[in-house]
Amino acid sequence: MTTKKRITVITDPKYQLHDTGGGEHPEVPERLQVIADRLAGGKLAAFVDMALPRPATRSELMAFHPESWLFRFEESVLSGRTFIDHPDNQIGFESYDIATLSAGAGLCGVDLIEQDDGHGQNIVFCSTRPPGHHAEPTRPFGFCFFNNCVIAARYWQQRYGRRHICVLDFDAHHGNGIQTAFDEDGEVLYISIHEHPSFSYPGTGWAEEHGLGPGKGKILNIPLAPGSGDNQVIDAFDGPVRSLLEQFQPEAFVVAAGFDAHRLDDMSGLAYSSELYAEIGRRLFAWSNQFCSGRLVSILEGGYHLPILADCVENYLSGLLNPEP
Ligand SMILES: [Zn+2]
């Protein structure tokens, strides 16, 4: 492996403090532990630096979430409730603070990329929880409380003036909250490849949805039938995804990096291999350099089969690090 590139993993041991109640809940603190262990001890160890996040501020969160949701979330936590709206959205006493720290990771990632003199030499992966892409402006959804990717994209626009941002989501599930944010937005492109909404949570993400008003043409949903695997994903990336990016000319990428479409992860009926994530990483590295000097931040979303999650994250980062297979 000959490369000058480095991988910065933004993570914090405090993320383990978001308590989803143990028992049957799949979004467990151990998810981040298996990733940290693999990156510290695996084949990428010599290329990985760790960095701590800062919490997102109220005004940064409010780029997407009205203050009424911040108050309701905080009050629910302080009053000792164990979930908000649905048992999927488990909380403990630390959850509000940890969710703000989770949202902050992407902002630190954007800062790192913008301060990188090496142009594309810094690969940033935010290993965070709780995840974000299902979170709607005023309610939690599917383990998500603050929409980490939306908040990062808005920060990139507001702090650094990058207007044309592509949010690319390869989690097994459609990022309904991201689509809500950008449905009528003329500047941000949302691309999601996910299991078809007829068969999968959250039941959104139809191919016919292309965005509304000024956002028309800036949503690309690619729903895949259960059982779909590597070939369908590669065809989508090398076909419609690539051609839309060429038309859109992104100035930065925020990647909703979920790993629950793996064939052994029972959160979806998709059947991706571990190796596919390296292929995805290679393409994203090439495109982020082609279009925008390597400005790309990846933020963890799903991925619930613990050993497989570690494999997939490692492969994805290998693909970003080594564009040649
Ligand atoms: Zn998912």
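**Helix packing and the sheet**

A: The crossing of H1 and H9 is right-handed. Keep in mind that this is a predicted model.

Q: Which residues of H1 and H9 make the contact?

A: H1 contributes Glu30, Arg31, Val34, Ile35, Arg38 and Leu39, while H9 contributes Leu306, Pro307, Leu309, Ala310, Val313 and Glu314.

Q: What about the geometry, at what angle do the axes cross?

A: Roughly 50 degrees, and the axes of H1 (residues 30–41) and H9 (residues 306–321) come within 9 Å. That angle makes H1 oblique to H9.

Q: OK, switching to the sheet. What's the strand order?

A: The order is E2-E1-E5-E10-E9-E6-E7-E8, an open sheet of 8 strands with parallel pairing.

Q: Which strands stand at the edges?

A: E2 (48–51) and E8 (219–224). Each has a single partner strand, so one side of each lacks a neighbour in the sheet.

Q: How many degrees does the twist average from one strand to the next?

A: 15 degrees.

Q: Now E7, how many of its residues are buried?

A: 8 of the 8, residues 188–195, so strand E7 is largely enclosed by the rest of the structure.

Q: How many bridges join E6 to E7?

A: There are 5, and E6 (residues 165–169) runs parallel to E7.

Q: Which residues are bridge partners there?

A: Among them, isoleucine 165 partners valine 188 of E7, and aspartate 169 partners serine 192 of E7.

Notes. Residues are numbered from 1 along each chain as its sequence is written. This is a predicted model: local features need pLDDT of at least 70, side-chain atom pairs count only at pLDDT 80 or more; totals for chains, interfaces and linings use all residues. Axes are lines fitted to C-alpha atoms, for helices over the stretch in contact, and angles run from 0 to 180 degrees between N-to-C directions. Helices (H or I, at least four residues) and strands (E, at least two) are DSSP runs, numbered from the N terminus. Angles under 35 degrees count as roughly parallel, over 145 as roughly antiparallel, 65 to 115 as roughly perpendicular and the rest as oblique. A crossing is left-handed if the near helix is turned anticlockwise from the far one by less than a right angle, and right-handed if clockwise. Two residues are in contact if their C-beta atoms, placed from the backbone, lie within 7 Å. A residue is buried if 20 or more other C-beta atoms lie within 10 Å of its own, exposed if 12 or fewer, and partly exposed in between; C-beta atoms are placed from the backbone. Two strands pair if DSSP finds at least two bridges between them.
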